[in-house]
Each structure stands twice: as C-alpha cells, then as structure tokens.
Amino acid sequence: MNVTTLDYVGIIGYFVFVGVFAYFTRRTRTFSEYSIGAHKVPAVMIFSSLAATYIGPGFSVGFTAKAFSTGYTFYLLALTYGLQTVLMGLFFAPKLAEHHRDCHTIGDVMEKHYGKFTHVLAGIVSVGLCIGFTAVMGKIGGILLQSVTNWPLSVCIAVVTLFTALYTFTGGLRAVVATEGLQFTLFSIVIPIMLLLAFFKSPASAAEVGDKASELTRTGLSGLTGMQMLGIAVSFLLGETLIPPYANRALAAKSGDATRGGFIAAGLYSVVWLAIVAGLGVFAHQFVPADTAPDNVFITMGKTLLPAGIFGLLLAAIIAIVMSSQESVLNSGTVALVRDIIGVGKPLTDRTALILGRTGTIVIAVIAVIVAGYSPGIIEGLLICYSIWAPALLLPFLLGLYLKRTVPMAGWLSMIAGGGTSIVWQTFLKEPAGIPAILVGLAVGAIAYAIGHLLGQKPGSANTGESL
Amino acid sequence: MIYVVGIIFPLIAIGCGAVSFVALIKFVVEIQRDIRERKT
C-alpha cells in the first residue's frame, strides 16, 4: 500500500490519542469498576460504545464490498439489526439495568433465574464467543497493520491485540468505553466525509448513481432465494442480540433510562451508518475500475478521494473500527471468565476478582493471538459461536427477565438442546433445505424450555429471581 | 433517496461524532474527578 509520511503522522497521532485517553481513565480500584464501570456510564457513552462495538470490519469494509456487487441488498436485510437494537432498548436492556444492579454478566443474570449450572453454561458460551471474536478482530487488525508496516503477520496480530489488552488491563470497562468514544468520533467523521466527497466529486449525476444503485440492488435481490434472504435477515436480527459486550453496557449504564436511550440511539444510528458504507460501495462505480476486488473497494475509494494525511486518518479509523470491537469482547470475555467460570464455585473477594480480571485479560489476549494463527478455521469457529448464541442463550435469558417464576431445568435444558441442535444443523448437516441453523435451534430451544418448565417445576421450588 | 444517503446521512453521522466527542470529554473529566476524590 502506498502510504505517505503525512499518512503515517495520522496513524501515529491516533495511537497517541488512544494512549492519552487510556492514561486518564486507567485507574480502577474495584472489580465493579473494572467489569461494569461502577454503573456510572451516561447514555451518550452507552450509545457511542455500542455503535463502536457493532461497527466492526463487517459493518464497514465488508458492507462497502457487498454494496459494490449488490447495491443496497444487504442494507435492506440488515435493517433488522437496527430493529433488534431498538427493541432491546425498549423492552429488555432497561430491565437489566434496573433490576439486576448486582449482576456483572449474563451468567449472573442466568444464575438468578435458573441456578448455578446454567450460570456456568452461560459463562462457557460467553468466554468462547469472546475469545473467537478477539482472535478474528486481532487477525483483521494484524492484516491491516501488516499492509502498512510489512512486519510478519504474527507480530502484527500480537501488536494489535496486546496494545488493546494493555489499556483494557489497566482501566477496565470505563477505559474501554472512553477509548471507544474516541474511536467512534474518529470514524463517524472521517468515513462520512469520504462519502460526501464521493457525492460531490462524482462524474455521474445523482440520478445516474441512483439508477446504478437500483440496478445493482435488483440484481442482488434476484440472486437470493427467499430462504436465503430470511436466513440473512434472521442472522442480523438475532445473531448478536445482547451478546456479552452489549449486555455489559446495559448493566454499566447509570440508569434504566440511560440504557434505553443508548440502545435506541445505537439502533437508529445503524440505519444511518450502514447506508453510508453501502453508499460508498455504490458510488465506487464512478471512481474505481469495475474489476476491483470488492474487499479492496473501501481502501481504494479512500486513496482516490482523500488527500495525504487524511488518508492516514482513514487507515487509523479502520484500525479504530477493529480495535473498538476487539476491546469490548476482550473485556467482556475476561469478566465472564472471572464471574461465570472461576467465581461460581466460591465467592471471590473484590481484590482477588480484580487481580483475576486483569490477569484474565492478558491470558485471553494471548490465547486469542495463538488462535488467530489457526485461520481459516477461525471464521468457521466464529460462525459456530454465532449460531450457538441465540439458540442457546437468548430465549431463557429474555424469558428470565419477564417471567415471574422460572425453573432451573428450563434454563439448562433449553441451552443444551437449542445450542446443540444449532451446531449439529450447521456443522454436520450443513443447513438442509437452506433453513438457517439459528431458526432450528431457537425452535428446539423453545420446545425444550417448555418441557423443562413443566417437568422441572415442583411445588414451591420455582426460582423467583431473588436467590443470587 | 440518493441525496439522503449522499448528504443527509453523512451530516447526521458527523453530528453524532461531534456530540459523542463532547460527551467523551465530560466522561473523562468525571472519571478524573472520581480518581481525585478517592485520593483525598
């Protein structure tokens, strides 16, 4: 990649800024501060932190690549993602913030409603998902850093992941939220400016670009079967619903209102953001050769449209996109490790939990660096994690928030049956008839929940949610 | 529609970025105040 000195200044400037913010937010004295920011995160920071987390490489570079080939097809299907986040903000996240102030993780919430065994199961799924995410983000960040520095890939993955781990290690969730705020600011300004430049510099008229967008979208939609569209829409709707980093932010908010506002704003922002990155892919037809590899369109557009120095900021913004997602899952994975696996058997003192949390950050980061070296298996692993999350956890988790009486067997039976079915359906049966594993897993999980609820209920034994 | 995607949405996103930056500064100042209060 042709990078000028001014571009390097932009990239180094970004790292210096992140370092400064990490320094000012570094001191944590209690595990509550480390894991959920001592419930002191305001609504706007919940919003920017959530947005910075869900805007990963897929929701930026990947979306532009898809739009270059298929116009707004994926944008239309991904609107379900915004819908899901808004619905979580309206109905579920505030309940977490208001009625689970003593909880640090999804596992804690699950124990409250279904007992210790379900707590541990939730912890295992949470930690596995977070390690997988950290590894994938580390690999993508490493590839980006390698394209600028030409260092060996393994070194680049380690540099990106361990730099992220360093400020997560020192400052916990508040440092993560603060640096995500900075990262969100950077890419929320630089990337939309790129689209504005594309709009005003485009050699084609707005009507011609609109026609091209319609043509690409029609082609994209006609290339998908109804079942494929349903599968994609459902994956966007449920694949990431209240995964550990999002649930942590719901628990970290100052109040239920702050959670509600943050989630709703983040959901609405996804509608704007995804249109912007998809728009870049559509406008790219006016600026880059038609045979450009879709994955290179985003960077090529930046190189074409932005002056030296500002292009460096774009590279920094892409690194920020990767790091902001990585730091969230790293922090959540660590907290889940301490609360849901190590700390389930015996209560930990606050100091011990804090030390374990910090140590766990480094341990998970190192595991993720090692795992990242085993790609392409990682992507498959991540897909498995995705397909497990909603079928295994979503149903008992959300029902636990609303049902007055829950029974432990419903929780663990639903998790095992839903998650297990989804893995088998996706990995071994390869999704027969194109029916998405998430849907099958959810259906089986729902049936298992009902069976568990009926079989496991003994008079007076149901959990009323006050046992933790 | 192309005007909404090409002009309005980028301006909204830039506005969100700016608001977020102001909130970030307030947040960091609050954290610093917490740290100072704990020291004293």
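Buried residues account for 60% of the 468 residues in chain A. Please keep in mind that this is a predicted model. Chain A is built with 18 helices and 0 strands, while chain B has 1 helix and 0 strands. Below you will find the overall dimensions, the contact between the chains, one helix pair, and a few residues to look up in the viewer.

**Chain A as a whole**

- The secondary structure of chain A comes to 18 helices, with 0 strands.
- Chain A has a radius of gyration of 22 Å, close to the 23 Å from the globule rule for 468 residues, so chain A is as compact as a globular protein of that length.
- Taken along the principal axes, the box filled by the C-alpha atoms of chain A is roughly 75 × 50 × 40 Å.
- If you count contacts in chain A between residues at least 6 apart in sequence, 85% of them join residues at least 24 apart.

- The C-alpha trace of chain B spans about 55 × 10 × 5 Å along its principal axes.
- Of the 40 residues in chain B, 32% are buried.
- Between the two chains, 24 residues of chain B are in contact with 31 residues of chain A.
- On the side of chain B that touches chain A, the residues divide into 19 nonpolar, 4 polar and 1 charged.

**Helices α4 and α12 of chain A**

- Two packed helices are described by the angle between their axes and the distance between the axes.
- For helix α4 (residues 58–70) and helix α12 (residues 256–283) of chain A, the axes come within 7 Å and cross at roughly 45 degrees.
- The crossing of α4(A) and α12(A) is right-handed.
- From α4(A), the contact is made by A:Phe59, A:Ser60, A:Phe63, A:Thr64, A:Ala65, A:Lys66, A:Ala67 and A:Phe68.
- From α12(A), the contributors are A:Leu274, A:Val277, A:Ala278, A:Leu280, A:Gly281 and A:Val282.
- Sorted by type, the residues of this contact of α4(A) with α12(A) are 10 nonpolar, 3 polar and 1 charged.

**A:Ser69, a residue of α4**

- A:Ser69 sits in helix α4 of chain A.
- There are 15 other C-beta atoms within 10 Å of A:Ser69, so this residue is partly exposed; the buried class would need 20 or more, and the exposed class 12 or fewer.
- A:Ser69 and A:Phe263 are 194 residues apart in sequence, and their C-alpha atoms are 31 Å apart in space.

**The loop between α17 and α18 of chain A**

- A:Lys430 lies in the loop between α17 (408–428) and α18 (437–456) of chain A.
- The phi of A:Lys430 is near 55 degrees, a positive value in a residue other than glycine.
- A:Lys430 counts as exposed because it has 9 C-beta neighbours inside 10 Å.
- A:Ala433 is also found in the loop between α17 and α18 of chain A.
- For A:Ala433, phi is near 60 degrees, again a positive value in a residue other than glycine.
- With 5 other C-beta atoms within 10 Å, A:Ala433 is exposed.

Notes: Residues are numbered from 1 along each chain as its sequence is written. Chains are lettered from A and ligands numbered from 1 in the order in which they are written. This is a predicted model: local features need pLDDT of at least 70, side-chain atom pairs count only at pLDDT 80 or more; totals for chains, interfaces and linings use all residues. Axes are lines fitted to C-alpha atoms, for helices over the stretch in contact, and angles run from 0 to 180 degrees between N-to-C directions. Helices (H or I, at least four residues) and strands (E, at least two) are DSSP runs, numbered from the N terminus. A crossing is left-handed if the near helix is turned anticlockwise from the far one by less than a right angle, and right-handed if clockwise. Two residues are in contact if their C-beta atoms, placed from the backbone, lie within 7 Å. Ala, Val, Leu, Ile, Met, Phe, Trp, Tyr, Cys and Pro count as nonpolar, Asp, Glu, Lys and Arg as charged, and the others, Gly among them, as polar. The radius of gyration is taken over C-alpha atoms; the globule rule is 2.2 Å times the number of residues to the power 0.38.
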